[in-house]
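The sequence and the model come first.

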Amino acid sequence: RRQHVSVCCMQEFGGSPGAVVLSVALPLILYYLWGSIVFNQGFPMSLSQLCANKDLLLTRALPTRLTILQFSVWMIFQAALQAFAPGQTAQGLPLHPDSRQQTKSPGARRLKYKLNGWASWWISIFAVILLLRYSLLSPTQVVHDFGSLLTCALIASYIGSLWLCISGGGTTPYDFFMGTHRNPRIPNTLFDFKYFCEGRPGLIGWILLNVLIALEEHNRRGWISLEMYIVVVSQAFYVMDFFFFEAAVLSMWDIMTERFGFMMCFGDLCWVPFGFTVQALYILYRPSGQGTSLNVIGAAVALQLAGYCWFRVANLQKHQFMTTRTIPFKKNPCSVGSGDSLLLVDGLWGLSRHPNYLGDWTLGLGWCLVCGLQSPIPFFYALYFAPCLIHRERRDFNSCEERFGMAWIKYVQEVPCRIIPFVY
């Protein structure tokens, strides 16, 4: 039965007016970053420069038959891998109560998922190697058509989000942006559209775009720079880690709580593959002779290592506690509450309520710093991610306060810091 969601709880992001603004502004930010890198050597473009280059920007951003074909084949290929690649079937954790629905189900649902991301990752890598080997894929063409591919992904995001909104009974821009479905699926299958978009085309596409950008640097300069190696390898390791520990994804906020609308669809199909490649694209287009000092590179690598370790340990502790009520190296961790309202106050989760956010941001800052300090463009990731995580923590706080009640109040007293231990 369709559930109308636009009249229920307090609306976020400024309601429908905010949804309209964000649905337009977020894509424009990606186009601005791409234009500044490609047409201004990685430095922010002024309004006069944008006006002077508007025809070239529009031309390069228009979809072509080739880019439409490439994007369509990629989506179909990844969907086929999600459906048929080998992998175990796992049961997700109980879904959080849906406060946007007018009626609530009597019990928390647990959905099944096919965990084949690790296999899909390696099959995708092998397929791209074959395409490159037989000259069926050109790094030069992909880099040249970066803006066109972004537009293809954007159109798919708008169309998919509109279909999700209408099929779920949505009637307002807010429904379009936030979503009307939590777990839209192909009936009688394990194919979950939100889970698919969360981890397949965007994440793997991000790394493959990075690799093609690195190959294009070799084509243009005859070598691949140290900075490019570090960015590509570090970000590839981050995504490989995501798939290797894919079972932990089932305890993520996105899977358990978030609805699937334009915010998530655009984020998965556009923001991740075309926004997170900013560092690699900047290194390719930066002025000739401009490099990053070894001291700065060393600091960047140290940040990446520290951030990754903090991020991974925090996520492992959370997932293991949610599934077995233990954490690594400790069978009886400290907690508050009881039953389904049991909350971890041990390990890194005894230092702050979202230690994984701190590790994730620190790792991303390391990626940015590899590019040097000459331009703010590569630091966009860190600049946007900090307020994004702060806002997400506040959303999670409100959700948990409603869900856990008195247990949450006690938990906040036990762990007063939100993200940064002893600071915030």
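Which residues of helix 16 meet which residues of helix 17? From helix 16, Tyr357, Asp360, Trp361, Gly364, Leu365, Trp367 and Cys368 take part, and they meet Tyr381, Ala382, Phe385, Ala386, Leu389, Arg392 and Glu393 of helix 17. Contact here means heavy atoms within 4.5 Å. By class, this contact has 10 nonpolar, 1 polar and 3 charged residues; Ala, Val, Leu, Ile, Met, Phe, Trp, Tyr, Cys and Pro count as nonpolar, Asp, Glu, Lys and Arg as charged, and the others, Gly among them, as polar.

The model is predicted: local features need pLDDT of at least 70, side-chain atom pairs count only at pLDDT 80 or more, and totals for chains, interfaces and linings use all residues. Residues are numbered from 1 along each chain as its sequence is written, and side-chain values use heavy atoms, with hydrogens and water left out.

**Helix packing**

Two packed helices are described by the angle between their axes and the distance between the axes. Helices (H or I, at least four residues) are DSSP runs numbered from the N terminus. Axes are lines fitted to C-alpha atoms over the stretch in contact, and angles run from 0 to 180 degrees between N-to-C directions.

| Helix pair | Angle | Axis distance |
|---|---|---|
| Helix 16 (355-370) and helix 17 (380-404) | about 170 degrees | 9 Å |
| Helix 7 (146-167) and helix 13 | roughly 170 degrees | within 9 Å |
| Helix 11 (226-244) and helix 14 (278-285) | about 165 degrees | 10 Å |

Helix 11 is therefore roughly antiparallel to helix 14, a term that applies to angles over 145 degrees. The crossing of helix 11 and helix 14 is left-handed, that is, the near helix is turned anticlockwise from the far one by less than a right angle. In this pair, Glu227, Met228, Val231 and Gln235 of helix 11 meet Gln279, Ala280, Ile283 and Leu284 of helix 14. The contact has 5 nonpolar, 2 polar and 1 charged residues.

Helix 7 and helix 13 cross at roughly 170 degrees, so helix 7 is roughly antiparallel to helix 13. Among the residues of helix 7 in this contact are Phe146, Leu149 and Ser157, and helix 13 contributes residues including Phe262, Cys265 and Phe274. The contact divides into 12 nonpolar, 2 polar and no charged residues.

**Cavity and pocket**

Both kinds of space are found on a 1 Å grid over the protein atoms alone: in a cavity a 1.4 Å probe fits but cannot get out, whereas a pocket is an open set with protein on both sides within 12 Å along at least five of seven lines, and lining residues have an atom within 4 Å of a point. Grid points are joined across faces, edges and corners, and a volume is the space filled by probe spheres set on the points.

The structure holds 1 cavity of 30 Å³ or more. The largest cavity has a volume of about 40 Å³, and its lining consists of Leu30, Leu33, Trp34, Ile37, Phe146, Phe274, Thr277, Val278 and Leu281. Helix 1 (15-39) and helix 14 each give two or more residues to this lining, and helix 1 gives the most, with 4 residues. The lining has 8 nonpolar, 1 polar and no charged residues.

The second largest pocket contains about 600 Å³ of space. Its lining has 24 residues, and Gln70, Phe71, Trp74, Leu137 and Leu149 lie nearest the centre. Helix 4 (65-84) supplies the largest share, 7 residues.

Definitions and conventions:
Angles under 35 degrees count as roughly parallel, over 145 as roughly antiparallel, 65 to 115 as roughly perpendicular and the rest as oblique.
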